[in-house]
Amino acid sequence: MWRRVTSLSPFISSSKPSIRNQASYGGKIWELFTTEILTPAKAGISSDEKTPFITFVVGGPGSGKGTQCAKIVETFGFTHISAGELLRREISCNSEHGSMILDSIREGKIVPSEVTVKLIEKEMESSKNNKFLIDGFPRTEENRIAFERVIGAEPNFVLFFHCPEEEMVKRLLSRNEGRVDDNIDTIKKRLEVFTALHLPVIKYYSEKGKLYKINAVGTVDEIFEQVRPVFAVCEATK
Ligand SMILES: Nc1ncnc2c1ncn2[C@@H]1O[C@H](COP(=O)(O)OP(=O)(O)OP(=O)(O)O)[C@@H](O)[C@H]1O
Ligand SMILES: Nc1ccn([C@@H]2O[C@H](COP(=O)(O)O)[C@@H](O)[C@H]2O)c(=O)n1
Ligand SMILES: [Mg+2]
């Protein structure tokens, strides 16, 4: 079972870019981030079994994060923690924050970080595994900083699924899982929030050399063939 090992990390200030800033790149801002070549040293692979191995899985709505996480779990034995699923679970069980979470999800807004991070922490603590895929998180700098403060850890690396908006919209509109946010109005809001708030997170991990960008266009299997070597590096060092 994973237990928190370090204390609070220092506060890191956040900045919020405007949508206008990004539009000046003609919608191609994500192209600025290159794919890292992952090595065991970069991934911070440790031989200490108690240290959690944390991968953040990020990308726009419908970029295929959940689909690829299922394949990573099957192939490499990670525990999948989807922030969105944890929040939806709170709605289903009418928890204290259920109605606030439902309102946020309907509006495509980000739930306060302390709520989401507490749910993630509970999942990590109750798991017997020490390898975690944390999907749909962090969405914002506030998310990222709250995770570092509460969990006292950083991800070993970050998988970023890069997908054009038209493709993401097409996938979400045909997902058919009965999600309250899979309608065109909410999808537009989710895309706006993604463009406005996600960039600093991507930039932060790119500058730390922890970002691994995946081209999320193609078949599920083709995309997994880009993902596989990232995790194979971890396997090879065991
Ligand atoms: N490579 C792909 N090609 C076509 N469809 C795909 C591909 N990958 C996933 N899908 C489909 O697109 C939809 C969205 O995928 P998925 O749920 O994995 O995305 P996500 O990034 O987790 O989205 P969200 O952020 O909304 O949770 C699903 O219906 C899934 O089956
Ligand atoms: N870190 C997060 C993750 C998700 N949300 C909210 O849940 C919605 C659905 O998330 P998916 O990852 O399943 O697409 C998302 O639009 C947010 O409203 C969040 O607040 N914080
Ligand atoms: Mg998902």
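## Around ligand 1

Ligand 1 is surrounded by 16 residues, of which Gly-64, Lys-65, Gly-66, Thr-67 and Arg-171 are the closest, a residue being near a molecule if its C-beta atom, placed from the backbone, lies within 6 Å of it. The model is predicted, so local features need pLDDT of at least 70 and side-chain atom pairs count only at pLDDT 80 or more, while totals for chains, interfaces and linings use all residues. Residues are numbered from 1 along each chain as its sequence is written, and chains are lettered from A and ligands numbered from 1 in the order in which they are written.

The largest share of this shell, three residues, comes from α3, helices being DSSP runs of H or I with at least four residues and strands runs of E with at least two, numbered from the N terminus.

## Around ligand 2

Among the 17 residues around ligand 2, Ala-83, Gly-84, Ile-110, Val-111 and Gly-136 come nearest. Two or more residues of this shell are given by each of α4 (83-92) and α5 (98-107), and α4 gives the most, with three residues.

## Strands β4 and β5

Strand β4 (residues 157-162) pairs with β5 in the parallel sense over five bridges, where pairing requires that DSSP finds at least two bridges between the strands. His-162 has Asn-215 in β5 as its bridge partner.

Strand β5 (residues 211-215) is largely enclosed by the rest of the structure, because four of its five residues are buried (20 or more other C-beta atoms within 10 Å of a residue's own, with C-beta atoms placed from the backbone).

How values were computed
A residue is buried if 20 or more other C-beta atoms lie within 10 Å of its own, exposed if 12 or fewer, and partly exposed in between; C-beta atoms are placed from the backbone.
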